[in-house]
Amino acid sequence: MTAINLIAADGPIAEAKALNDRLASLDLAGRLSLVSGLGGRVVFTTSLGIEDQVITAEIGTHRLPIDVATLQTGRLFGETLALIEETENQYDIEIRRFEPEKADIDAYAAQYGLNGFYESVEARHACCGVRKLKPLARALDGAAIWITGLRRGQSANRAETPFAEYDAERHLLKVNPLADWDLEAIKAFVAANGVPINPLHARGYPSIGCEPCTRAIKPGEPERAGRWWWEQDETRECGLHVAEEAAVVAAQ
């Protein structure tokens, strides 16, 4: 059965639920293998974080027909950029870089200032829209299935993350094969399999995004507390995985 047929059969939400139930009983390799065999273009978007590196390792080790892409926002840490090449070399894969358009960056800077994201939530959403959401749309162009590294333990906002869901905004299946993994399981897999990871993790950065928008966390803080730390909303996201915020950005 192809992914297109899977979506069309009895409605995309019902089919996503059926896939969710099938994935629940499989290990990570089984989940990725099942999804990669559904048909249609399958894209995994990686931020090069520790959980994403686990998925990339499985894709590369098992030579799965899954496209790997990353959003090269133009504001990433040097350590993240170096890890892209290290990962490509270790697993003999290509990680496609999707960058923001210069015209969009210039327009943002003219309206808000280059670092205007510190001044308001609106400006920060607009920056994420230019540097992440628009490149993501290009990365997922023509895809039937989108794989992510979302985990339930990353934040309260992600506590109900399913293994599979229908992304109505992008009209595709979204698969989160690590939804039920905790950070200790992630670390154990990395250690057992020699997976390369960002050295910033050892310096107190469990979640790593753009350099100006990420800080190390303090003891006892949630994993994503270092992202957009100057904002007060504890459920803050960039809009990649929260439709409401994506809609705010799209409306600008």
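**Entry 1: a helix to start with**

Which elements do the buried residues of α5 pack against? I looked this up before anything else. They pack against α4, β2 and β3. I note that the model is a predicted one.

I then listed the buried residues of α5 by name. They are T80, L83, I84, T87, E88 and Y91. Around the axis they cover an arc of only 135 degrees, so they sit on the same side of α5. An α-helix has 3.6 residues a turn, so residues three or four places apart point the same way.

Next I checked the length. Helix α5 covers residues 78-91, 14 residues in all. At 1.5 Å a residue it should span 20 Å, and its end C-alpha atoms lie 21 Å apart, which agrees. I also looked just past the end. D92 follows α5, and its phi is positive, near 50 degrees.

**Entry 2: the whole protein**

I stepped back for an overview. I find nine helices and six strands in the protein. The chain has 252 residues, and buried ones make up 53% of them. The protein exposes about 11,400 Å². Carbon and sulfur atoms supply 53% of that area.

I also looked at how far along the chain contacts reach. I took the contacts between residues at least 6 apart in sequence. Of these, 68% join residues at least 24 apart.

**Entry 3: the sheet**

In what order do the six strands stand? I read the order as β3-β2-β1-β4-β6-β5. The sheet is open, and its pairing is mixed. β3 (95-98) and β5 (164-167) stand at the edges. Each has a single partner strand, so one side of each is left without a neighbour in the sheet. Direction ignored, neighbouring strands are turned by 30 degrees against each other on average.

I went through some of the pairs. β2 (residues 67-71) runs parallel to β3, and four bridges join them. V68 stands opposite I95 in β3. V68 turns up again in the next pair: F44 stands opposite V68 in β2. β1 and β2 run parallel too, joined by three bridges. β1 also pairs with β4 in the parallel sense, over four bridges. There, the bridge partner of R41 is A143 in β4.

Why is β1 largely enclosed by the rest of the structure? Four of its five residues are buried, so the strand is largely enclosed.

**Entry 4: helices on the sheet**

I looked for helices that touch these strands. Helix α4 (residues 50-61) lies across β1 (41-45), β2 and β4 (143-147). It runs at about 140 degrees to β1. This is the α4 that the buried residues of α5 pack against.

Helix α2 (residues 12-24) packs on the sheet as well, touching β5 and β6 (172-175). The direction of α2 makes about 160 degrees with that of β5.

**Entry 5: a loop residue**

My last stop was E99. It lies in the loop between β3 and α6 (102-112). Is E99 buried or partly exposed? Its relative accessibility is 46%, so E99 counts as partly exposed.

Which residues does E99 touch, leaving out those up to four places away in sequence? I found Q72, P135 and R138. I checked T73 also. E99 and T73 are 26 residues apart along the chain, yet their C-alpha atoms are separated by 5.7 Å.

Conventions
Residues numbered from 1 in each chain as written. Predicted model: local features only at pLDDT ≥ 70, side-chain atom pairs only at ≥ 80, totals over all residues. Heavy atoms only, no water. Pairing = 2+ DSSP bridges. Helix = DSSP H or I, 4+ residues; strand = E, 2+ residues; numbered from the N terminus. Axes fitted to C-alpha atoms, helices over the stretch in contact; angles between N-to-C directions. Contact = heavy atoms within 4.5 Å. Expected span 1.5 Å × (residues − 1). Buried < 20%, exposed > 50% of the residue type's maximum accessible area, 1.4 Å probe, protein only. Arc of directions from axis to C-beta. Areas by Shrake-Rupley, 256 points an atom, 1.4 Å probe, with all protein chains shown as cover.
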